[in-house]
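My notes follow in the order in which I looked.

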Amino acid sequence: MVRDLEQYSAWRQNVVAALQNYRNWVVGAELADAAAEQRLARTLAKLVDDKLSVAFVAEFSRGKSELINAIFFADYGQRILPSAAGRTTMCPTELMYDPAYPPCIRLLPIETRAENLSTSDYRDQAAAWTMLPLNLDRADEMHDVFKQVSLTRHVSVEEAKRYGLYDENDPDMPVTLDDNGLVEISLWRHAIINFPHPLLKQGLVILDTPGLNAIGTEPELTLNLIPHAHAVLFILAADTGVTKSDIEVWRNHIGGGAGRMVVLNKIDSMWDALRSDAEVESEIARQQEHVAHMLGLPARQVFPVSAQKALLGKITSDKALLEKSRMEQLEGALFNELIPAKKDIIRKRLSDEMQALSTSQHAMLSTRVRGIVEQLLELKGLRGKNQNVITHMMKRVDAEKKEFDESLFKLQATRAVFTRLSTELYSSLGMDVLRDHVHTVRDAMSSSRFSAGMRDAVRVFFDQLRADFDASEKKIVEIREMMEGMYRKFSGEHGLQLNMPMPFSLARYVDEIAATEEVYHKQFGTAALMTTTRVVLMERFFDSIASSVKRCYKSANADAEAWLKVIMAPLEAQIKQHKEQLKHRQASIQRIHDATDTLEQKIEAFERMQEELEAQKSRLAELAGAVNIAINSELVALPAAA
């Protein structure tokens, strides 16, 4: 696994190196305007900060934490995450590595559930978290610190309701009360473990969830962490099979898409010394087929394992036990599917970016070459001509410059329209618009504690979002059509080599919001009446909806801003270049007219410039090709360990 991720990381680093070489050269050759530089910087930043996230989802007592220990932490010679009978992970726990933090565990208090902020909103608020250091040299001390994710406290029913953690309409709730009528809840809302494990340092992020019930009560899991995970391992136990709640969570929150796997844990409970190995294998296969049938999956996506025996086999170097646990098949499938799928996503995005960038920069170089060639033809045409012909040539260049300047006046009018349309785009897509929508929903929720009123407020919210994006999409089309007309005008009238503006659409953000709305409807769309706890939960859920939509709007705004710069930048860059060429042509002919330069000296200078530009075109193609080779290469092979 470490080698797989190291190879993936090495592939990314090769792409980054090739892209940095490309950027450094085009900046030095003055082929990158501000928009292109910004685009290259964003692409590099995304590559450097790339993460691979794996979520582990299960009801309690399915061996989820033990599975994480077996896959990732066996090298420490003992369990790192708490693992025992019953519930050991009480809050969503992320394991990752961020060099900006020391090895530590950061804990978000459960009391934050009473505020109108999601877990994502708290991520950058350092003061909201309790941070405990990790002593990497003492596994036993780390194990004790990690027990924080298991800690609970007892609160009154009213306090539990305020956090959305007690539903009086649930007939099973009263039996959970202790002798004092108190409810046991998690001490923490969320935990982030910053740990310099080799896999985590390569960009892997592990999400440990605290049981299926938490998927309904912690919206951050439902709306963000699980849907955005690159792989989800749904863990069942061989001794319990598939329960009704398992099926509901699988259908509503996980599904059988790419990167979704089912782990049938605890197959050691089926090992029986009184039966033959063949009989045991047959029983495991039967259980595997049954699980696959119940979840609507092919049997090959269900992996029977024994996490506990795998951990023991790794710690004691018992190869036979490790093989019998079947853990290696799961690990191989996980990383063989996860990494190529992630790589394909990055490869497609990078290929599209490079196509747009290299095409634009090649067009700029071609325009420069064309300008030099035209000037060479003019100068060579002056050989053997008298002063009258040179004077006529000067007048012709003056006329071209005057005609071009008149076109620039028309461009100013286009710029004014462009600015107006851009402002109108942000009037429907701006963050202040979203903020107003969110405040409206929260006000409506506060004034209506009934299910119909609260659901109507959220329904109107999503309707407004759709209307905003529809209006924004129309403005984008209007801007693109206007710019296409301007591109055609300058290409036709002045010979500029301009490719049509790159397309842009908000469709993927519309899809993201639609997916969020679908999750909301699954959670609250059918409830006829809302208990107090469900009302609180719906409010907390909306906090996460608002946070998720806010991230979506931020990304849409950033992409729209980048597109608005990119769509105008090639035209402005080539206009500037064309103006310079006209100015140089005018000056060159003037100096020849004034006899300050000989004609042949000027022709030689322009021929050298043409050679330099052709060499630049070759170098640009070479560097762009190197980036594409890096992007499309297979995972980098690393030397075998000694």
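I looked up the largest cavity and noted about 30 Å³ of space in it, where a cavity is a set of points on a 1 Å grid over the protein atoms alone at which a 1.4 Å probe fits but cannot get out, and where a volume is the space filled by probe spheres set on the points, joined across faces, edges and corners. This is a predicted model, in which local features need pLDDT of at least 70 and side-chain atom pairs count only at pLDDT 80 or more, while totals for chains, interfaces and linings use all residues. Residues are numbered from 1 along each chain as its sequence is written, and side-chain values use heavy atoms, with hydrogens and water left out.

I then listed the lining of the largest cavity, G371, E374, H578, Q581, L582 and R585, each with an atom within 4 Å of a point. Helix 19 (532–593) and helix 14 (327–381) each give two or more residues to this lining, and the largest share, four residues, comes from helix 19.

Next I turned to helix 3 (residues 64–72) and helix 12 (residues 307–315), which pack at about 30° with axes 8 Å apart; helices here are DSSP runs (H or I, at least four residues), numbered from the N terminus, and axes are lines fitted to C-alpha atoms over the stretch in contact, with angles from 0 to 180 degrees between N-to-C directions. That makes helix 3 roughly parallel to helix 12, a term for angles under 35 degrees.

Note on methods:
Angles under 35 degrees count as roughly parallel, over 145 as roughly antiparallel, 65 to 115 as roughly perpendicular and the rest as oblique. On a 1 Å grid over the protein atoms alone, a cavity is a set of points where a 1.4 Å probe fits but cannot get out, and a pocket is an open set with protein on both sides within 12 Å along at least five of seven lines; lining residues have an atom within 4 Å of a point.
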